[in-house]
Amino acid sequence: MADLPIEKLKTTFNTIHAEIEKVVIGQRPVVEQVLTGILCQANVLLESYPGLGKTLLVRTLAEVMDLKFTRIQCTPDLMPSDIIGTEVIEESSGKRHFKFQEGPVFTNILLADEINRATPKTQAALLEAMQEKQVTVANETHKLDEPFFVLATQNPIEQEGTYPLPEAQTDRFLLKVKVDYPEYNDEVSIVQQYTRGEQAGQVRKILGKNSVIALQRFTRQVPIANDLIKFTVNIVTETRKNKQYIEYGASPRASIGLVLAAKARAIMNGRAHVSEEDIRVMAIPILRHRIILNFEAERQGLSTDDVIVNMLKKLKA
Amino acid sequence: MSTVDFKKVIQEIEAVRNAIILTFVLLDTAFVFLAGYAILILFNFYPILAFIPALYYFISEAYKRITTKTLRDIEEKYPALREKLRTAADTADQENFMVLRLRLEVINLVRTVAMSSLIDLKKIAITVGKILGIAFIIIGISSYNIQIIDLKAAISNADLLGTLRDKLLRGHIPDSLLNSDVKSINENSAINDLANQQRLRKLLAQEQLEANLPEDIFKGTDKTFEETLSKKKRIYIRNYFSKVRYLE
């Protein structure tokens, strides 16, 4: 990996996309953004309607990267111990002792489906594991395996009986990825593929666990020009100054996240430097869940994406 | 390539860029000097003074252009270097795998850059043309002795210093002294008379003060001077010395 030319990384990631597209048709931007989260060692929030292939996508990604994958379906009766694990009594040689049984969080890629259905206590347990990369049970700390990545999903419909994540908690997710319905032609291909009775193509392992860890390290090392850092901070501070449509702007965590995400995009495109385009492209998924629109924006029917796009048009590096 | 070596490369690039900027500023300064020279010879007023605005222009413009120009100007001329050169320059202090890769890429690209391509020949031609034009104008003005106003003559005829002297001092000192030089003023008895008069006035004032003091003020006693004096006398003495100090 140390001798790998940077330009060839673009080919590597294109190969990853090609492998995933054997199973998941379309959704390339979603895959790119999820890969960004993995490279930045951060967690991603997926907002998606049911039946758009989120689980399939993440499972395929885990296979391609040779990472362990676990899925949790969040329900209102899900307990924290169901996620992080618990101590169970085990008997051996006539003696009983407590043994820690690892929960589903002990994995590399964790898909927490419909996190907004879990109770706040369970959400907090998961978020703590995400943040600390370790869990503490019965005064004993257990480190999670590296790399560890959480993909939490939220269903924008079915809000009855849910516990939406508060803004302070959604801020901990690097990106909010919106999974849209596929294009017409893509949906035709999906229907053809999954109604034929044949199994989807086998995906090859492209990267190993150590390669993923190395790429995560290299991502943080990607250099960025000082004026681009200032441009990033300008974008985030503009969300606080723009009182026309924004009630609450993004925090400095957004500035850090945006720079990291831009670095990840640079490395995925086989570049050893961050460009202005990287920052502009990543600004939308980084900021969309960190700003709260005011009544004026809602009255005009503007979404957070619309406000961010308008704001980016006015700013120059 | 080490951090030190790469910093030298960046410094060299910036030095060449600054040299090009200074060359352009020098040419513009020459034009400013010649333009000032032309204006001053039109008004016949010490043409060499044109170097003052030219010097100011050179210093201020050189400082402004060098501090505002960035490596972006080089990147604009070479799209292959876009964002890479200034990123490498900004991270010259860092040492890691990705930074070294970028540095290597930038070095390979910079080798293909001809620094002479940064010189704007069109701009040089225009500036040289303006300098030649103004030079010919100066030659024409000097040859045909064209003047709008002869400021030098106007100033010397107006005797501005004399006028100023008249306005400030007339009525306060004799006219004979108003137009005299320093040596004759010192020898002039009127000035000496004035000095004598002032001295006499001071002496008179001092004598009058002393005449008003009580007689026993100067008598010696075996006690300290202040113990023998009444309060009234002490006040007299204090006022006397105050006035003497004032006269001096």
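Leu110(A) has Val150(A) as its bridge partner in strand S8(A). The model is predicted: local features need pLDDT of at least 70, side-chain atom pairs count only at pLDDT 80 or more, and totals for chains, interfaces and linings use all residues. Side-chain values use heavy atoms, with hydrogens and water left out.

The bridge belongs to the pairing of strand S5 (residues 109–113) with strand S8 (residues 149–154) of chain A, which is parallel and runs over 4 bridges. Two strands are taken as paired if DSSP finds at least two bridges between them. Strands (E, at least two residues) and helices (H or I, at least four) are DSSP runs, numbered from the N terminus. Both strands sit in an open sheet of 5 strands in chain A. The order is S2-S5-S8-S1-S9, with parallel pairing. Strand S2 (69–73) and strand S9 (175–179) of chain A are the edge strands, each pairing on one side only. From one strand to the next, the twist averages 20°. Helix H2 (residues 28–39) of chain A packs on this sheet. H2 touches strand S1 (44–48), S5, S8 and S9 of chain A (contact: heavy atoms within 4.5 Å). The direction of H2 makes about 160° with that of S9(A). Axes are lines fitted to C-alpha atoms, for helices over the stretch in contact, and angles run from 0 to 180 degrees between N-to-C directions.

Chain A also meets chain B. The contact takes 24 residues from chain A and 15 residues from chain B. The two chains bury about 1500 Å² between them, 58% of it on carbon and sulfur atoms. Buried area is the accessible area (1.4 Å probe) lost when two parts are put together, summed over both. In chain B, Glu83(B), Phe97(B) and Met98(B) lose the most area to chain A, together 39% of what that side buries.

The count between chain B and chain A is 2 salt bridges. A salt bridge is a side-chain nitrogen of Lys or Arg within 4 Å of a carboxyl oxygen of Asp or Glu. Arg72(B) forms a salt bridge with Asp227(A), with the closest N and O atoms 2.8 Å apart. Helix H4 (84–90) and helix H5 (97–110) of chain B each give two or more residues to the side that touches chain A. H5(B) gives the most, with 6 residues.

Over all chains, the count comes to 26 salt bridges. Among them, Arg265(A) pairs with Glu277(A), the closest N and O atoms being 3.6 Å apart. Arg265(A) lies in helix H10 (residues 252–268) and Glu277(A) in helix H11 (residues 276–287) of chain A, so the pair ties together parts that are 12 residues apart in sequence.

Key: Residues are numbered from 1 along each chain as its sequence is written. Chains are lettered from A and ligands numbered from 1 in the order in which they are written.
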